[in-house]
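Subject: Structure handed over, with notes

Hello,

Here is the structure we spoke about. Please look through it first; my notes on what was found follow below.

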Amino acid sequence: MSSIAYVNGVFTPLEDARVSILDRGFLFADGVYEVAAVIDGRLVDNPAHLARLERSLKELQLESPVSMAAIVEIEGALVARNGVREGLVYLQITRGVADRDFSFPKNVTPTLVAFAQKTTILAAPAAETGVKVATVPDLRWARRDIKSIALLAQVLAKQAATEAGCQEAWMVDADGFVTEGSSSTAFIITKAGAIVTRPNSEAILPGCTRRAVMALAAEQGLTVEERPFGVAEAQEAAEAFLTSASNLVLPIVEIDGRPIGAGRPGERAKRLRALYLEFARATAG
C-alpha cells in the first residue's frame, strides 16, 4: 500500500506528491522543518517541536499557512493513514512559489508538506552497540539555531562520517570546540559524573530531546553543565552520547577512532535512554 503524504491541504499518495520548481524551498532553501518521533502511534514531545517550529518561522519572517492546531491534526492524520506505530513525522514550510528573486515575494502563500515514515526507534541496534563519531570542521552558516532546510553542510559532514565508518559526525568550530552532531546534540559525561553539553546560542540548534534529557537528568540529581568542550576532552570522557528526535538517546563508543571509556555503551547513557523512553511514552499525544 502506498504511503500517504500531505501537500498544501491535500492528502495524496507519496509518489504523486509534487511542488513547483519555483518553490523557494527548492530554489533558495528558504524554509524550515521539524521532525517528531512516533512511539505507540503517538507523537513524542510534540509541543516542544511545534514551539521550535514557531520560533524558526518567526526568525525567517515566515508565516505558517495553517495554525499549529491544524498541524497537529495533519500529523495525527498522517500517523493514522500510514499505520505508523513507531517512526517519524516530517513537516516542512517554505515561503512558497514565486518568480526567482532573492527578495521576499509579496502575496505568496507558504508551502506546507508533510509525510510519515515507519522506522525502528525503540529496538534500534545502535542502542545496544553504541555509535562511532568522526569529527569535522563546522562549515554551516551563523544562524544554526534556526531549523532551516539548508542542510548541505550537515550532509557533507554525515557523508564524511560514513566514509570513515562512523554513524555520526561531530562538527567543530574554529576555536576547537564541538558544536553539535550533523543531526543530533552532542553530550559527554566526565569522570566526575557531570553531564556536559554546549549551551544554547546561535551556534547550535536548541534540541527538543536535549532539553528533555537535561531536565530528566536534573530530576535524578545528576550534575548538568552547559559549557563548551573540545575533542580532546570528549575523548578522555567517561562516556559520551547523542540525542535527537529520531534516535532518542544513543551511547557513543568511539570518537575519531579512539574508544570512549571502556569502548562500549556506558551505564549512565543507557539509563538516560531508559528515562527518556519513560518520559516519551508518558507524555506522547
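Contact, as used in these notes, means heavy atoms within 4.5 Å. By that rule, and leaving aside its neighbours within four places in sequence, Val172 is in contact with Thr135, Val136, Pro137, Asp138, Phe177, Val178, Thr179 and Val231. Please keep in mind that this is a predicted model.

Val172 belongs to strand β8, which covers residues 168-172. Its relative accessibility is 16%, and buried means under 20%, so Val172 counts as buried. Leu250 is 78 residues away from Val172 along the chain, and the C-alpha atoms of the two are separated by 20 Å.

Thr179, one of the residues that Val172 contacts, is in strand β9 (residues 178-181). Thr179 is buried too, with a relative accessible area of 3%. Not counting residues up to four places away in sequence, Thr179 touches Asp138, Arg140, Arg144, Met171, Val172, Asp173, Arg198, Ala203 and Ile204. For Arg144, which is 35 residues from Thr179 along the chain, the separation of the C-alpha atoms is 9.8 Å.

Aromatic rings

How many aromatic pairs does the structure hold? There are seven. One of them is formed by Tyr6 and Phe11: the centres are 5.2 Å apart, the planes are at 70°, and the pair is edge-to-face. Tyr6 is buried, at a relative accessible area of 7%, whereas Phe11 has 28% and is partly exposed.

The rings of Phe187 and Phe241 are arranged otherwise, as a stacked pair, because their centres are 4.5 Å apart and their planes stand at 10°, and planes under 30 degrees apart count as stacked. Phe187 is in strand β10 (residues 185-189) and Phe241 in strand β13 (residues 239-244), so this pair ties together parts that are 54 residues apart in sequence. Both Phe187 and Phe241 are buried.

Tyr33, Tyr90 and Phe115 make up one aromatic cluster.

Two arginines sit over rings. The charged end of Arg81 is over the ring of Phe11, 4.1 Å from its centre. Arg95 lies over the face of Phe104, with 3.5 Å to the ring centre.

Helix packing

Two packed helices are described by the angle between their axes and the distance between the axes.

For helix α2 (residues 46-59) and helix α3 (residues 68-81), the axes come within 11 Å and cross at roughly 130°. The two helices are therefore oblique to each other. The crossing in which α2 passes α3 is right-handed. On the α2 side the contact is made by Asn46, Leu50, Leu53, Glu54 and Leu57, and on the α3 side by Met68, Ile71, Val72 and Glu75.

For helix α6 (residues 208-219) and helix α8 (residues 267-283), the axes come within 10 Å and the crossing is at roughly 105°. Angles of 65 to 115 degrees count as roughly perpendicular, so α6 is roughly perpendicular to α8. Thr209, Ala212, Val213, Leu216 and Ala217 of α6 make the contact with Leu272, Leu275, Tyr276 and Phe279 of α8.

Loops and strand β2

Which residues other than glycine have a positive phi? Asn8 is one of them, with phi near 50°. Asn8 lies in the loop between β1 (4-7) and β2, and it is partly exposed, with a relative accessible area of 44%. Asp40 is not a glycine either, and its phi is positive at about 55°. The loop that holds Asp40 runs between β3 (31-39) and β4 (42-43). Asp40 counts as partly exposed, at 30% relative accessibility.

Thr12 is found in strand β2 itself, which covers residues 10-13. Thr12 is buried, with a relative accessible area of 14%. Apart from its neighbours within four places in sequence, Thr12 is in contact with Ser3, Ile4, Ala5, Val7 and Ala17.

Regards

Methods: Residues numbered from 1 in each chain as written. Predicted model: local features only at pLDDT ≥ 70, side-chain atom pairs only at ≥ 80, totals over all residues. Heavy atoms only, no water. Phe/Tyr/Trp six-rings, centres within 6.5 Å; stacked < 30°, edge-to-face > 60°. Buried < 20%, exposed > 50% of the residue type's maximum accessible area, 1.4 Å probe, protein only. Helix = DSSP H or I, 4+ residues; strand = E, 2+ residues; numbered from the N terminus. Lys NZ or Arg CZ within 6 Å of the ring centre and 35° of its normal. Axes fitted to C-alpha atoms, helices over the stretch in contact; angles between N-to-C directions. Parallel < 35°, antiparallel > 145°, perpendicular 65-115°, else oblique. Left-handed = near helix turned anticlockwise from the far one by under 90°.
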